There are 4 protein chains.
Amino acid sequence: MNLSGVFAPIPTPFDGDGAVDAGKLRTALARFVARPLTGFIILGSNGEAVLLDEDESDRVIGVAREAVPKGRPFIVGTGRESTQAAVRAARRAAELGADAVLVRTPGFFKTQMTSDAFVRHYTTVADASPVPVLLYNFTALTGVNLLPATVSRLAIHPNIIGIKESGGDVAQIADLVSGTPEDFNVLAGTTSTFYAALSVGCVGGILALGCVVPEACIRLYELVKEGRHADARVLQQQLVPLTRLLGPTYGVPGLKAALALIGYDLGVPRAPLAPVPDAAIASLRAALAPFEEIHVQSAAR
Amino acid sequence: MNLSGVFAPIPTPFDGDGAVDAGKLRTALARFVARPLTGFIILGSNGEAVLLDEDESDRVIGVAREAVPKGRPFIVGTGRESTQAAVRAARRAAELGADAVLVRTPGFFKTQMTSDAFVRHYTTVADASPVPVLLYNFTALTGVNLLPATVSRLAIHPNIIGIKESGGDVAQIADLVSGTPEDFNVLAGTTSTFYAALSVGCVGGILALGCVVPEACIRLYELVKEGRHADARVLQQQLVPLTRLLGPTYGVPGLKAALALIGYDLGVPRAPLAPVPDAAIASLRAALAPFEEIHVQSAAR
Amino acid sequence: MNLSGVFAPIPTPFDGDGAVDAGKLRTALARFVARPLTGFIILGSNGEAVLLDEDESDRVIGVAREAVPKGRPFIVGTGRESTQAAVRAARRAAELGADAVLVRTPGFFKTQMTSDAFVRHYTTVADASPVPVLLYNFTALTGVNLLPATVSRLAIHPNIIGIKESGGDVAQIADLVSGTPEDFNVLAGTTSTFYAALSVGCVGGILALGCVVPEACIRLYELVKEGRHADARVLQQQLVPLTRLLGPTYGVPGLKAALALIGYDLGVPRAPLAPVPDAAIASLRAALAPFEEIHVQSAAR
Amino acid sequence: MNLSGVFAPIPTPFDGDGAVDAGKLRTALARFVARPLTGFIILGSNGEAVLLDEDESDRVIGVAREAVPKGRPFIVGTGRESTQAAVRAARRAAELGADAVLVRTPGFFKTQMTSDAFVRHYTTVADASPVPVLLYNFTALTGVNLLPATVSRLAIHPNIIGIKESGGDVAQIADLVSGTPEDFNVLAGTTSTFYAALSVGCVGGILALGCVVPEACIRLYELVKEGRHADARVLQQQLVPLTRLLGPTYGVPGLKAALALIGYDLGVPRAPLAPVPDAAIASLRAALAPFEEIHVQSAAR
């Protein structure tokens, strides 16, 4: 499975009572699939997966599977703290139609999460999963780091096909690329260093900005592919203010608010998350402005 | 509810297939309740709660409730990432007989976990919980810090009766004591600074070492109460090597291994945790040796 | 040399042109020595020692030596990044009348500052110094940590008589006490955890607050000595707001501003340090208010 | 002044008694200037500048100035903790023939090193310096971070011509490039992310590896300039093992040991630094092996 390109991590809509809103998810996905994105992730960090129970997760997978056309990778986040729960989640996702699963590192018992522990965890999950497995390292949220040396040990497993690395340490990303086979997919997880990550060999990215300004993200990807580095750097700089707002500053609530500004209704975040403060709306609007033409164009399609 | 004294956070036993072993839990609790401990916590961090699903959690509560005599506080860990899941967990624990619930901070979406977010989360949980709520701050594992100023805002809620603070920052603990009402229970969560924590006003502790060397922990607590600080300091020093092994070094697997060495069978940890390496056993045995007499004595009771 | 009690780290006064103001230093010291402090430190962190050249340092030592009566320990900060510069500074300080030298860890080449490197550095300095040496660990400023295990190795040197530990990690302080001989002086370097530090065996402290509210610091020291822990804890809490302002918030400029408020003129800080903003004065005044009576009393002496 | 290309930060040789060895410096520089490097830095971090006194510094500048031909930038590190000492050092360096000065951030009083403090410090130095000023940010050693927003404020000063950024955060480097004028020289300070730094717009680098494998560093620089990114990435990967050994692992002693292996005698490091352990030699030799042909070639010139 070749995962080159830009993927969008779809947020999970909740209604005013805090319940999953399947209708909003269907409507939003109908529009997301009209964009030239390579594929789609559900139940990732931006999907507020840790705030859902297992039944809700299954329902989200079912609804999304119907909305995403076959032929475009449909990837489901199935990370769990316990290995057996992660195995079960991968199996259920596969049964419900996932093309691959994205498995975040367990991270609660930080001092015990050695390289060996990660190898055991992922090997068990990959042995059991009916569909291919993507590793997922997000140190800023989990507090643990799936190091390149560990990934090298895992990359030889026939059912482990790549990694989403959400950190901005480009040297670590370069090590991932050089320490894994040619066909192992190293995907960037943050737009803030997307250009640099592509430059050191990432095949693409799973980017919150892929939901909001997909054309810009894809153009950046293509500029690097064409060797137009100077243009790519300019575009990267234009994306920085927006990526800051959706990442460290306002997080998932910021992503939902940005999507609302361009006409996508993904509802509210689930508590303890809360909608962004009013002041954030103006910042988001300003950061989106340079990309307006794109939105108008794509809305007109 | 006065929570002065030493509490033991009971590990959850698993069998060779990774299933909860109710029989071992019953047997172990029968022995734990024979020790002069103030009360008991189940499904805390040392109870591997994050590795259990909801059905398993309910079952552990049911089994433990039968084993712990009324009159000794029986506290259940019910922290969840989503507020509504935390509410449901607290209600179910209360229904199953918990005297109070211990609610760890949500921590996945770190940058969004502001003081206001914590106040909303805990207020919703405390409003809904049929039994009193203990806050629970464990920054080393969650990556977020429930600051004394936030605790001061929460301590006035009639259904929030205290906090377990697992960090070793004694200045922060002192701030918790001075910023909350007289009857708000500030409990230490680590033996490594237990003496210092008691010195600055903690009413007691929830201590992994309370499972292993309860008499020593209780003696330390009493020495401080009696103002015998010099003796207390000596005892604190004696406890340090053991607390290091059970905390940062070997974690929950270390606790289970130490308990095995003194005749308690709590089974194996659940994956991705793994039993401690053989080399650890010797270290644990050496760290336990100074307390042997206590064990022999208590075994003889 | 027994260093029990409270020591004041004297700031270095500068005039409007940024030159050392010897007159102000003399005047201030005349008043400091009238307070019931055990002894005095010059050219420590609070003395802006790193902003002085060697000639200025010598001049400050000379002026201060005249002002401090024999019989009360007069300690000079002589830490330098290179071992040979640290040796020379210790020798010059001894020649100029220092009773002991306080030698901050070198810390520029952080990854090279191993336990062995510290042992080599301090052994060379202590071998060469005509007066006793105090180790000095201030991790927050240097970025390196002189661990208790290293201090244990150094504490057996006949010319190393103690340590100033400026960190607030009370467990580390307790390890220092238990890992060194009975007559090795472990001194706290921050008032924020002074009570806890005394509780675990510190013989005293070198405290910025010792300049500003010496009577309160000394009373806290004596309360612990008398075993009156409850009273000591109350007093510790009263000192917290002030210690926060003089430490992490406003640093040395805050100390100079606080001293100005109680009638001591220590001039301005040297650039790149700058006087505190106006807003800070009100905060400092409020934090000093509870100790006003003391100042009035001592002013009346 | 255009600083495009690769610069070598020359180590300072010491003899067996710990004295500056001017002879070895002359001999080494005669060979360094024969390599196709753009220019030379003395008295930087790798020059152990913090371990030298002012007289020694002046002597090193004098010796080096004679050895470096006019026309190739000769830059002197003149960072000091106090602003006035930094001014004096810049003036002396200019008098002794420096083409520009490299001024590391002061960093001792960390909490006081605000953006305003940095602007005051550097503006004073740049106003007074007879030669252009390069900012220098090395957070891993100083513990403070000269943020892109602060650099933007300083980059408009006519006498501030660039920055050496030694951190590996490529997003921060990209912000430096985009937040400063076209002719402001952003130079990378570490080979570990040199390719990524060039990709986001650095004009070159001041690299310890520029002393050891200058041809490889220069080739990497040229590959990026020619848009041959795939080749550049391969070369970057080849440089990683060596950069790890000379940076975080063995530091300046590692650099001196690596230079000894290729026939440059820079003497021993000054205490508290110590020569690398014997085990390091084998690692360094192995990391140098892939570049051997280059050395042989350049030795043959």
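1. In this predicted model, D:K256 is buried, with a relative accessible area of 3%; the cut-off for that class is under 20%. The residue belongs to helix α12 of chain D, which spans residues 251–261. When neighbours within four places in sequence are left aside, the residues in contact with D:K256 are D:P11, D:T12, D:P13, D:F14, D:E48, D:L266, D:G267, D:V268 and D:P269.

2. Within the share that chain C buries against chain D, 25% is supplied by C:F108, C:F109 and C:P272, more than any other three residues. Each partner brings 37 residues to the contact.

3. On the polar side of the interface between chain C and chain D, the count is two salt bridges, together with 12 residue pairs in polar contact, both residues being at pLDDT 80 or more. One salt bridge joins the side chains of C:D53 and D:R88, with an N to O distance of 3.9 Å. Five helices of chain C, namely α3 (83–95), α4 (115–128), α5 (139–142), α11 and α12 (251–261), each supply at least two residues of the side that touches chain D.

4. Which chains are not joined by any contact? Chain A and chain C are one such pair, their closest C-alpha atoms lying 19 Å apart. Chain B and chain D are another, also with 19 Å between their closest C-alpha atoms.

5. Helix α11 of chain C covers residues 229–249, 21 residues in all, and reaches 28 Å from its first C-alpha to its last, close to the 30 Å expected at 1.5 Å a residue. The helix bends by about 35 degrees at C:V240, and a proline, C:P241, follows within four residues. Its buried residues are C:H229, C:A232, C:L235, C:Q236, C:L239, C:V240, C:L242, C:T243, C:L245 and C:L246. An α-helix has 3.6 residues a turn, so residues three or four places apart point the same way. Just after the helix, C:G251 adopts a positive phi of about 55 degrees.

6. C:S192 is located in the loop between β7 (185–188) and α8 (194–199) of chain C. With a relative accessibility of 24%, C:S192 counts as partly exposed. Apart from residues up to four places away in sequence, C:S192 touches C:Q236 and C:T243, as well as B:A171 from another chain. Both C:Q236 and C:T243 are among the buried residues of α11 in chain C. C:S192 and C:A19 are separated by 173 residues in sequence and by 32 Å in space, C-alpha to C-alpha.

7. Helix α10 of chain A, residues 214–225, has 12 residues and reaches 17 Å from its first C-alpha to its last, close to the 16 Å expected at 1.5 Å a residue. Nine of the 12 residues are buried, so α10 of chain A is largely enclosed by the rest of the structure. These nine are A:P214, A:E215, A:A216, A:C217, A:I218, A:L220, A:Y221, A:L223 and A:V224. The helix is followed by A:G227, whose phi is positive, near 75 degrees.

How values were computed: Residues numbered from 1 in each chain as written. Chains lettered and ligands numbered in written order. Predicted model: local features only at pLDDT ≥ 70, side-chain atom pairs only at ≥ 80, totals over all residues. Heavy atoms only, no water. Expected span 1.5 Å × (residues − 1). Bend = angle between axes of the 7 residues up to and from the residue. Buried < 20%, exposed > 50% of the residue type's maximum accessible area, 1.4 Å probe, protein only. Contact = heavy atoms within 4.5 Å. Buried area = accessible area lost by both parts, 1.4 Å probe. Salt bridge = Lys/Arg side-chain N within 4 Å of Asp/Glu carboxyl O. Polar contact = N/O pair within 3.5 Å; in protein donor to acceptor, adjacent residues only side chain to side chain.
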